[in-house]
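Keep the sequence and the 3D view open as you read.

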Amino acid sequence: MHVLMRFPLQLCYFSLSLSPGSSQAKCCPFMVSGHQVGWVPPRVVTELGRFPEVFQLQRGTVELSPGLESYTQRSAAVDTVLHCLREENTFRCLRGWRDEKYEVMPQFCDPPMLCMERSATCLFGVKRYGVHINGFTRQPDGGVSMWVARRALGKPTYPGLLDNMVAGGLAAQTSITQTLVKECAEEACIPECIAKCAHPVSTVSYTYEDDEGVFPECQFVFDLEVPQGFTPQIGDGEVLEFYLWPMDKVKEALVTAEFKPNCALVVLDFLIRHSYLDPDTEPHYQQFVAGLHRSL
């Protein structure tokens with residue numbers, strides 16, 4: 001059994017908000033109607049102070065104006081500020097404007113309090129959710145092979161790296177199942193009749209930060225057994241190529257830097273759940289399991 005030596009470092013990278021060197025200690029809680037929904041880095045706080053009719057800075061917090069009482073009012077007010085910051089080219093992340101909204105709420109089970117442009121969420125450290133699908137096929141000899149995607153070279157993030165067969169963010173007012181079916185069709189030309197055979201099996205959650213902001217994320221993980229003879233096809237151009245690899249080759253790829261980091265964690269979760277890693281032979285087994293399920 002190959003020891004996945006890279007992952008202790010990978011899990012540390014995805015847990016920076018918990019480490020002593022993290023900038024989260026300097027971030028201000030982002031409050032909406034008395035509930036914390038994120039963490040705002042200091043340089044973002046400074047810019048938000050220019051918009052007192054929308055953001056109130058007090059006692060070390062950034063609070064959305066209490067006068068914005070509804071989902072619609074809050075969303076519109078924040079969107080106006082973000083468009084202004086985008087026009088001023090204040091933050092690099094806004095150059096990747098998606099015209100796609102994410103819901104903002106304290107926990108996933110809570111009603112959304114507003115929606116926000118996807119590319120801006122890291123400025124507020126709000127939780128982001130997505131759907132990732134491990135596609136696999138059972139071979140005639142009983143072995144399992146996994147479908148792996150290579151990201152298109154024109155992708156704005158992690159171009160050319162390996163990815164899960166299908167993955168996508170959870171847009172506002174869209175359910176997990178709707179996202180799964182939509183992304184399967186768009187990215188891999190997988191028909192709905194096959195996509196709906198995917199089973200929800202886990203979540204993978206982590207927080208990381210970079211010079212653009214803070215990223216608390218939770219991915220809803222599905223396993224989809226793809227029928228023999230079916231091959232995913234490139235759909236919307238986000239994928240360069242699909243590979244069908246035996247699990248040993250997938251494990252070999254995981255110990256390189258070829259995988260998009262969070263997609264590597266989703267594959268690691270698959271390896272653990274399907275007993276491709278053994279606690280007697282993998283010294284980091286417990287660390288892996290704990291690291292895949294961080295509190296956000």
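This is a predicted model: local features need pLDDT of at least 70, side-chain atom pairs count only at pLDDT 80 or more; totals for chains, interfaces and linings use all residues.

The crossing of H7 past H8 is left-handed.

Which residues make the contact? On the H7 side they are Met247, Val250, Lys251 and Leu254, and on the H8 side Ala264, Val267, Leu268, Phe270 and Leu271. Sorted by class, this contact of H7 with H8 has eight nonpolar residues, one charged residue and no polar ones.

## Aromatic rings

Next, look for the ring-shaped side chains. A pair of aromatic rings is described by the distance of the centres and the angle of the planes. The structure holds 11 aromatic pairs. In one of them, the ring centres of Tyr208 and Phe215 are 4.6 Å apart and the planes lie at 5°, so this pair is stacked; the cut-off for stacking is under 30 degrees.

Are these two residues buried or exposed? Tyr208 has a relative accessible area of 9%, so Tyr208 is buried. Phe215 counts as buried as well, with 6% relative accessibility. The limit behind both labels is 20%.

Elsewhere in the view you can find Phe30, Phe55 and Phe124, which form one aromatic cluster.

## A residue in a loop

Now find Thr90, in the loop between helix H3 (71–87) and strand E5 (101–104). Thr90 has a relative accessible area of 26%, so Thr90 is partly exposed.

What does Thr90 touch, not counting residues up to four places away in sequence? Its partners are Glu47 and Leu85.

## A residue in a helix

Finish with Ile176, which has its place in helix H5 (residues 176–188). Leaving aside neighbours within four places in sequence, Ile176 is in contact with Phe108, Val131, Leu170, Phe220 and Phe222.

Along the chain, Ile176 and Tyr129 are 47 residues apart, while a distance of 9.4 Å separates their C-alpha atoms.

Methods. Residues are numbered from 1 along each chain as its sequence is written. Side-chain values use heavy atoms; hydrogens and water are left out. A crossing is left-handed if the near helix is turned anticlockwise from the far one by less than a right angle, and right-handed if clockwise. Helices (H or I, at least four residues) and strands (E, at least two) are DSSP runs, numbered from the N terminus. Contact means heavy atoms within 4.5 Å. Ala, Val, Leu, Ile, Met, Phe, Trp, Tyr, Cys and Pro count as nonpolar, Asp, Glu, Lys and Arg as charged, and the others, Gly among them, as polar. Buried means under 20% relative accessible area, exposed over 50%, partly exposed in between (1.4 Å probe, protein chains only). Rings of Phe, Tyr and Trp (its six-membered ring) pair if their centres lie within 6.5 Å; planes under 30 degrees apart count as stacked, over 60 as edge-to-face and the rest as tilted.
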